[in-house]
Amino acid sequence: MASKTADRVRHHPVLTTRALNRATLARQLLLRRAAMSAKDAVTHLVGLQAQNVKPPYVQLAARLDGFGPEALSGLMASREVGRMVTLRSTIHTHTAEDCLALRPFAQAPIERELRNFRDGLVGVDLDRLAAHTKELVEERPLPLKELKAALAERWPAADPLALSAAARCLLPLVQVTPRGLWGRSGQVTLTTARKWFGVVGAAEGAAGIAPDDAVLRYLAAFGPASVQDMQTWCRLTRLAPVFERLRDRLVAFQDENGVELFDLPDAPRPDADTPAPPRFLPEFDNLLLSHADRTRVVPLAYRKRAWNGNQGHRTLLVDGFLAGIWRLEDGTEGDEHGTLTVQTFDTLTRAQRDAVAEEGERMLASLSSATAPTYAVRFADFARFADT
């Protein structure tokens, strides 16, 4: 069997790193901004990484033509999208439909996180913890601090942090607004997806997206990709049989290292020389987190430059690849404008610098609104700054 698989791979067309880069950027709406709605983009991208409040807005500003923050904020206010723990046990912004479909799909890796808290959960019946939490947060959305206190009152011998973490692992809890709204602040306050999105009846026990459909959606947004790439994206294992089941519906390639890659037959795979404009991405953009082999976007020489410990930097793409990091600073007292500072890892040509500056202007203009500070395009001279 192994020899047959190896023989198949040897005869696949080879996609170079640049070809993979351009194909992935096209799926990610980063080769050219798309004329689609914010909701359609969130659906196509299978959600937006959202540990912090602002990154989903920056992600869409880089990808959509004419995007303004209110487009996403309005969807959150109307409960058409929401924030919850899904893929890789991290918070994502998903449509309401995907919150309900993807959470069951991602549940096994999320529940594995319970191992990190088992010392604080000795003597706690997890089924009773889930049932009690559900009752509490469906009576009214609870701030995380209040949820911890209520659970600690019920299980005084347990660790309150472990109790609240276990509750979020066991239940599909949504962070309710105003958390996540543009220009607004709000502490993490939780209720169930069922309650927040108004799901009733049979939908409560839905099994979630089928693995076959999850593979097809992943490839549409992140392909061409290997089995290991998808497993990195969702932290599920043993997905090879799913790809095999779908093989007749897919096309196969190999990368420059001979790794088998799968793709949708009609998905865009632009020429490797297709121009890729600069793009400013937020910390933890899924583009940089959704493949086992990240060299299609992150050159090996820079693989550690986008991170400071476990904290991700905001990243800059030039010619489609990671080329620097950036930060945004509010203006000083008496100065209403902020400064965008860019640190590049290597020297840019004058044309590249001009293109980065133009893209920075466009990003800041997209994110300026009546409910947030206006950031003037006042570039520092690509100055270096400490990785802190």
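Trainee: Which strands does helix 14 lie across?
Mentor: Helix 14, residues 350-367, lies across strand 9, strand 12, strand 13 and strand 14. The helix runs at about 55° to strand 9. Keep in mind that this is a predicted model.

Trainee: Okay, and in what order do the four strands of that open sheet come?
Mentor: The order is 9-12-13-14, with antiparallel pairing. At the edges sit strand 9 (279-281) and strand 14 (339-344), each of which pairs on one side only. From one strand to the next, the twist averages 30°.

Trainee: How many bridges hold strand 12 and strand 13 together?
Mentor: Five bridges, in the antiparallel sense, between residues 314-318 of strand 12 and residues 321-329 of strand 13. Leu317 has Leu322 of strand 13 as its bridge partner, and Leu316 stands opposite Gly324 of strand 13.

Trainee: And what about the hairpin of those two, how many residues are between the strands?
Mentor: Two residues lie between strand 12 and strand 13 in that hairpin. Asp319 in the hairpin takes a positive phi near 55°.

Trainee: What joins strand 13 to strand 14?
Mentor: Six bridges, and those two strands run antiparallel.

Trainee: Switching topic: is helix 9 enclosed or out in the open?
Mentor: Eight of the 11 residues of helix 9 (residues 160-170) are buried, so the helix is largely enclosed by the rest of the structure. Among the buried ones are Ala162, Leu163, Ser164 and Ala165.

Trainee: What do those buried residues pack against?
Mentor: They pack against helix 6 (96-112), helix 7 (126-139), helix 8 (144-154) and strand 5 (173-175). As for helix 6 and helix 9, their axes come within 9 Å and cross at roughly 145°. Helix 6 brings Arg103, Gln107, Ile110 and Glu111 to the contact, and helix 9 brings Arg168, Cys169 and Leu170. By class, that makes three nonpolar, one polar and three charged residues.

Trainee: I spotted Cys169 in there. How many disulfides does the structure have?
Mentor: Zero, from a search of the whole structure. A disulfide is a covalent bond between the sulfur atoms of two cysteines.

Trainee: Is Cys99 buried or exposed, then?
Mentor: Cys99 counts as buried because its relative accessible area is 1%, and the cut-off is under 20%. Cys169 is buried too, with a relative accessible area of 8%.

Trainee: One more residue: where does Gly183 sit?
Mentor: Gly183 is in the loop between strand 5 and strand 6 (189-192). With 48% relative accessibility, Gly183 counts as partly exposed.

Trainee: How should I read the coordinates where pLDDT is low?
Mentor: Where pLDDT is low, the predicted coordinates should not be read in detail.

Technical notes:
Residues are numbered from 1 along each chain as its sequence is written. This is a predicted model: local features need pLDDT of at least 70, side-chain atom pairs count only at pLDDT 80 or more; totals for chains, interfaces and linings use all residues. Side-chain values use heavy atoms; hydrogens and water are left out. A disulfide is a pair of cysteine sulfur atoms within 2.5 Å. Buried means under 20% relative accessible area, exposed over 50%, partly exposed in between (1.4 Å probe, protein chains only). Two strands pair if DSSP finds at least two bridges between them. Axes are lines fitted to C-alpha atoms, for helices over the stretch in contact, and angles run from 0 to 180 degrees between N-to-C directions. Contact means heavy atoms within 4.5 Å. Ala, Val, Leu, Ile, Met, Phe, Trp, Tyr, Cys and Pro count as nonpolar, Asp, Glu, Lys and Arg as charged, and the others, Gly among them, as polar.
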